[in-house]
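Here are my notes for your first read-through. Keep the structure open beside them and check each point as you go.

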Amino acid sequence: MILDKETAKKTAELLLQINAIKLSPKNPFTWASGWKSPIYCDNRITLSFPLIRNYLREEMSKQIEERFGKPDVIAGVATGAIGIGMLVAEYMGLPFVYVRPEPKKHGRENQIEGFLESGQSVMVIEDLISTGKSSLNAVTALKEAGAVVKGMIAIFSYGFDIAEKNFEKAAVDLYTLSNYENLLSQALETNYITEKELAALRSWRDHPSEWNAN
């Protein structure tokens, strides 16, 4: 669920502006999963643009307080959301931890890095939601450590049905600054894509594993 229509539009505009999101329906990208995709998203690029990263951290911080109340701790999902998570925690004056995909194989074998006490309330920060699997893996790790997870806020979501089902099943409230549909609207409005390309981009979102550029 997007947080706010104006925020969704502005966020999409900024991500396209700095090429944090690239749309290329004619020459698709290949994801690690093997899927052919007309979109590539790397929100870590936002960290290199002070005005944009500040906009994102302030929007996230404002919405966290308004919708969930101030948590005890902010947690970023490694590795993509460590940077934006730290910025949000700093802006809100809160402790920060981050969650690895799995425990380390050496040392203290931590999966959660930083100081977290059982019973503390945590807001999870993510940069990108695809299927939601890795994001919810972080939630599971936090709950196993005794944290009370209030919800999750991400910069962007592809809006896959499977993600919605996964979050619903896990009973985790998810909000995003922007999503795929708002991105396409913004891209069309600014002539970044044509009407024909819009149709191809929408068909990918409906059937991502089967889609091809032809």
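Is the crossing of α1 and α6 left-handed or right-handed? Work through the points below; the answer comes in point 5.

1. Start with the kind of model. This is a predicted model. Keep that in mind throughout.

2. Strand β9 (residues 148-157) pairs with β10 in the parallel sense, over five bridges. Find Ser157: opposite this residue stands Asn179 in β10. Two helices pack here.

3. Helix α1 covers residues 5-17 and helix α2 covers residues 50-68. Their axes come within 11 Å and cross at roughly 155°. Angles over 145 degrees count as roughly antiparallel, so α1 and α2 are roughly antiparallel to each other. Their crossing is left-handed. On the α1 side, the contact is made by Thr7, Lys10, Thr11, Leu14 and Gln17. On the α2 side, Ile52, Tyr55, Leu56 and Glu59 take part. By class, this contact has four nonpolar, three polar and two charged residues.

4. Then the second pair. Helices α1 and α6 pack at an angle of about 65°, and their axes are 9 Å apart. Here is the answer to the opening question: the crossing of α1 and α6 is right-handed. From α1, the contact uses Ala8, Lys9, Ala12, Glu13 and Leu16. From α6, it uses Asn182, Leu183, Gln186, Ala187 and Glu189. Sorted by class, the contact of α1 with α6 has five nonpolar, two polar and three charged residues.

5. Last, an annotation to set beside the model. An unreviewed UniProt entry places a "transmembrane region" at residues 73-99. What are the helix and strand percentages over residues 73-99? In the model, this stretch is 41% helix and 33% strand. Its end C-alpha atoms are 12 Å apart. Report the record and the model side by side.

Methods: Residues are numbered from 1 along each chain as its sequence is written. This is a predicted model: local features need pLDDT of at least 70, side-chain atom pairs count only at pLDDT 80 or more; totals for chains, interfaces and linings use all residues. Side-chain values use heavy atoms; hydrogens and water are left out. UniProt positions are given in the numbering used here, feature names are shortened, and annotations may be inferred rather than shown by experiment. Helices (H or I, at least four residues) and strands (E, at least two) are DSSP runs, numbered from the N terminus. Axes are lines fitted to C-alpha atoms, for helices over the stretch in contact, and angles run from 0 to 180 degrees between N-to-C directions. Angles under 35 degrees count as roughly parallel, over 145 as roughly antiparallel, 65 to 115 as roughly perpendicular and the rest as oblique. A crossing is left-handed if the near helix is turned anticlockwise from the far one by less than a right angle, and right-handed if clockwise. Contact means heavy atoms within 4.5 Å. Ala, Val, Leu, Ile, Met, Phe, Trp, Tyr, Cys and Pro count as nonpolar, Asp, Glu, Lys and Arg as charged, and the others, Gly among them, as polar. Two strands pair if DSSP finds at least two bridges between them.
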